[in-house]
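Subject: Structure for you to look at

Hello,

Here is the structure I promised you. Please open it beside this email and follow along.

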There are 2 protein chains.
Amino acid sequence: MKTHHYLAITGGVGGAKLALGLSKLLGGDELAMIVNTGDDFRHLGLHISPDIDSLVYALSGESNPDTGWGRRDESWQFMDALAALGGETWFSLGDRDLAMHIERTRRLEAGESITRVTAGLASALGIEHRILPMSNDPVHTKVLTASGVMDFQHYFVRERCEPVVSGFKFDGAERANISPEIDQCLNDPALAGIILCPSNPFVSIDPILAVHGMRQRLVQCAVPVVAVSPLVGGAAIKGPTVKIMRELSLPNTASSVAGHYRDFLDGFVLDVQDTALNEEIEALGMKVTVTQTVMETLDDRMKLAQVCLDFLGQLL
Amino acid sequence: MKTHHYLAITGGVGGAKLALGLSKLLGGDELAMIVNTGDDFRHLGLHISPDIDSLVYALSGESNPDTGWGRRDESWQFMDALAALGGETWFSLGDRDLAMHIERTRRLEAGESITRVTAGLASALGIEHRILPMSNDPVHTKVLTASGVMDFQHYFVRERCEPVVSGFKFDGAERANISPEIDQCLNDPALAGIILCPSNPFVSIDPILAVHGMRQRLVQCAVPVVAVSPLVGGAAIKGPTVKIMRELSLPNTASSVAGHYRDFLDGFVLDVQDTALNEEIEALGMKVTVTQTVMETLDDRMKLAQVCLDFLGQLL
């Protein structure tokens, strides 16, 4: 039997849930994940990659179930000691989490690409699936707000998403190249479908699409591309998606998200709570499948992953 | 009454014990400490200053009583996580200790001098006395061994002082300037004496003396300079002093150490166990005082500090 390969496109914690579900259904050679690095930033001298780490921690069973971010069995001795020294503490770095940042920074400074560094760290944590940063070149997500242009993490963490958003830009994206590894996945004759995970369209997926040539590759892609709605009943499970949509004067509906991707999307996975939007989204020129998209348990993640794979099979 | 100022010259853990004793007898404006930075090194992207930290931890009550190095109430979550990622683990970095290295590195990269950074960190930990790195310029202690030239920490920690030593060099020392703060202390009219703490002469004190002009300043200095013997009965309390002396074909005696500093030393503090060496050391052209130099308790540290101050008073 011919092997089918799949590509997942994902940002932070929400997207990582579906990626985990997919990883439980597909072998290490059947699934690769493209992950956002637009919110990577330099902090305390360290190269921090929040979305890569969310994905690595989800796939390796290292996610912190209590906080919803960071590593499990975490401690905060470093952070407490840093606070006592008068250091910057707005971005929380757990003792175990720090190992990722320090080792990543060391390897990057030794000249390895972020793709290679990520492969090394993921492999050390027992992950078999490929995690592919969207580009080896730096892209910096900037948030245009009423209080001026902000680095993404300053907006997201330090300012707790409070400033009113008027737009985003992805510095470096036009000069950033698709990595050879992603290029290879997109050209792979065994590629059977692409899944946009339920991540924030503006700050998690758009930076990936902004990488030079990426969106065009999805538009021209011969295999079906589906997205899972990040909104359920007009609300996001987590994060500022709805707040941003309101500030951008966009309706906070799944249809609005589907419209955001309409140039390359073949199918949309809609939550059962939003069944009424079915026709509106089909009118955008894509197929719709309706299912339970809220993922609380591992079983939820795997079921939704299976729905996505079945949907892609129907669209092929 | 005229205030007397004192300068202590110190390296690692042993020297820091006497420095702590002195700090309990003298006010923040009466004592400054010149500390070795020849064993500073870059590790995992961090600027690590082992001797500064030994002194800062001793003076702030942060020393780890169990290990004899590092911070108290320490945990090793970072280190364990780093090991799991396949990172370099030969140099142990505790979670609390890491805060010092990360904050120091950040401030240095922001352009602050090591003197200023150290003042900031020490002050944050409640230290009132001045801790003065020997120079703001980098000096790198290299160990000449039978297995080649080694960075000091590689010799000291990674190779556990096992290679046979044939000598030392202090890269950068000739180009390193005495810091303005140290220069000011040495020129201070209130300066009443200088104390060499019982640190390893070759790897803790010699790098300080090698800073351009430093040894000459001690030779020409108008106030008395005394040293406390780092050897007791031909043995060091801790560290490779005796092993190094044997490998350099030097007698492992307090007299040999006194001879090492004879060009600038006015007095030598000898342990009671070495009373027999009294005349031999006086024959080098310096005064000797004999006392209990082994410091187990805080009281021991303070008593020895008082002996040093009294001795300096007699020599003035």
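Asn136(A) touches Ser113(A), Ile114(A), Thr115(A) and Ser179(A), leaving aside residues up to four places away in sequence. Two residues touch, or are in contact, if their C-beta atoms, placed from the backbone, lie within 7 Å. Asn136(A) sits in the loop between β5 (130–133) and β6 (140–145) of chain A. Helices (H or I, at least four residues) and strands (E, at least two) are DSSP runs, numbered from the N terminus.

Is Asn136(A) buried or exposed? It counts as buried, because it has 20 C-beta neighbours inside 10 Å. The cut-offs: buried means 20 or more other C-beta atoms within 10 Å of the residue's own, exposed means 12 or fewer, and partly exposed lies in between, with C-beta atoms placed from the backbone. From Asn136(A) to Ala8(A) is 128 residues in sequence and 18 Å in space, C-alpha to C-alpha.

A note on the source. The model is predicted: local features need pLDDT of at least 70, side-chain atom pairs count only at pLDDT 80 or more, and totals for chains, interfaces and linings use all residues. Residues are numbered from 1 along each chain as its sequence is written, while chains are lettered from A and ligands numbered from 1 in the order in which they are written.

Now chain A as a whole. It has 13 helices and 14 strands. Its radius of gyration is 19 Å, close to the 20 Å from the globule rule for 316 residues, so chain A is as compact as a globular protein of that length. That radius is taken over C-alpha atoms, and the rule is 2.2 Å times the number of residues to the power 0.38. Along the principal axes, the C-alpha atoms of chain A fill a box of roughly 60 × 45 × 40 Å. Of the 316 residues, 51% count as buried. Among contacts in chain A with a separation of 6 or more, 67% join residues 24 or more positions apart.

In α2 (residues 50–59) of chain A, 10 of the 10 residues are buried, so the helix is largely enclosed by the rest of the structure. Pro50(A), Ile52(A) and Tyr57(A) are among them. Gly61(A) follows α2(A), with a positive phi near 75 degrees. Helix α8 (residues 201–210) of chain B is mostly covered, with 10 of its 10 residues buried. They include Phe202(B) and Asp206(B).

Next, the core. Which residues touch the most other members of the largest nonpolar core? Ala19(A) and Ala19(B) do, out of 192 residues. Such a core is a set of buried Ala, Val, Leu, Ile, Met, Phe, Trp, Tyr and Cys residues joined through C-beta atoms within 7 Å. Leaving aside residues up to four places away in sequence, Ala19(B) touches Ala8(B), Thr10(B), Met33(B), Leu55(B), Ala58(B), Leu59(B) and Cys197(B).

Last, the two chains together.

At the interface, 22 residues of chain B are in contact with 23 residues of chain A. On the chain B side, α4(B) gives the largest share, nine residues.

Best wishes
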